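Good morning, and thank you for making time for this item.

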Amino acid sequence: MLLYLYIIIQYMFSIQFVRSTFYANFYFDDMKIVNCVLVCLLPCLLPGHVVSDDRPAGCPEDLLPQNLVTYSSACLQINFNHTNWEVARNRCLSDGGDLVQIRTEGIQRFLEHFLMSQKMEKTGFWIGASDKDTESQWEWVAGERNMTYSNWQNGQGTKAPKHSQDSDLDDCAVMRVDYRFKWYDVPCTNKYLTYSYICQYALTSRSGEERYRGPGILMLLTTIVVLKFVQYMQLGR
Ligand SMILES: [Ca+2]
């Protein structure tokens with residue numbers, strides 16, 4: 001706001017300069033016209049402008065645009081910070097989402113192709129599946145809890161023997177990049193088992209492609225430089 005005020009004041013100086021320098025011999029009406037033109041140009045120097053945004057359409061606006069992708073009605077955020085399942089989930093929750101729920105073969109294949117093209121993670125991604133509430137009953141963390149599609153590796157998750165020593169400890173699901181994106185059950189908070197993670201957010205109805213922002217900083221800086229130059233010329237006379 002102060003920047004705007006500063007520019008307006010500078011601009012008024014320049015009007016005075018132009019009027020006194022070039023139009024000193026003009027009649028009053030001529031000066032009035034010149035002033036009107038200059039003042040009318042002022043809004044042109046301070047326009048808002050529409051900027052393109054490479055964020056996928058409908059993803060929440062407070063998310064950074066990097067590593068966002070949409071599938072069906074979901075905005076998916078790929079996070080490459082290794083952490084445990086609990087921390088990963090809390091980070092998704094704090095941004096208004098949750099860990100990804102892979103409910104169909106379609107989204108499973110989509111993620112496989114997308115993540116293979118990224119080549120940013122060699123081990124795996126936490127997903128929003130757990131059997132913490134009831135041992136060996138795997139369910140999704142959000143929405144419809146019942147798991148009707150799964151991609152467990154043999155001997156993992158629902159394919160693991162119930163109440164074996166391992167399955168009792170392994171309550172969180174990770175999609176292993178190094179095992180053809182099969183799902184594995186692992187301990188949720190083991191400090192030696194940290195992975196990247198994928199958050200899922202609901203798509204908003206807003207397009208998200210273009211957003212109105214105030215004056216571009218480049219335009220403001222250009223305006224200041226031009227007006228400073230005008231002021232400098234004025235002082236030099
Ligand atoms: Ca378990």
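What you see is a predicted model. The protein contains six helices and 10 strands. Of its 237 residues, 24% are buried. As for how the chain meets itself, consider contacts between residues at least 6 apart in sequence: 69% of them join residues at least 24 apart.

Let me turn to the interior. In soluble globular proteins, nonpolar side chains tend to be buried together. The largest nonpolar core here has 36 residues. Those with the most contacts inside this core are Leu99, Phe125, Trp126, Ile127, Val174, Tyr197 and Ile198. At least two core residues come from each of the helices α3 (85-94) and α4 (105-118), and likewise from each of the strands β3 (74-83), β5 (124-130), β7 (172-176), β8 (182-186) and β9 (195-202). The element that gives the most is β9, with five residues.

Which residues does Leu99 touch? Leaving aside residues up to four places away in sequence, Leu99 touches Ala88, Arg89, Cys92, Trp126, Ile127, Gly128, Val141, Tyr197, Ile198, Cys199 and Gln200.

Finally, confidence. The average pLDDT is 80, and 67% of the residues score at least 70. Over residues 46-52 the pLDDT is below 50, and this stretch has 15 contacts in the model beyond near neighbours in sequence. Residues 207-213 also stay under 50, with 19 contacts beyond four places in sequence. Where pLDDT is low, the predicted coordinates should not be read in detail.

Definitions and conventions:
Residues are numbered from 1 along each chain as its sequence is written. A nonpolar core is a set of buried Ala, Val, Leu, Ile, Met, Phe, Trp, Tyr and Cys residues joined through C-beta atoms within 7 Å. A residue is buried if 20 or more other C-beta atoms lie within 10 Å of its own, exposed if 12 or fewer, and partly exposed in between; C-beta atoms are placed from the backbone. Helices (H or I, at least four residues) and strands (E, at least two) are DSSP runs, numbered from the N terminus. Two residues are in contact if their C-beta atoms, placed from the backbone, lie within 7 Å. pLDDT is the predictor's confidence in each residue, from 0 to 100.
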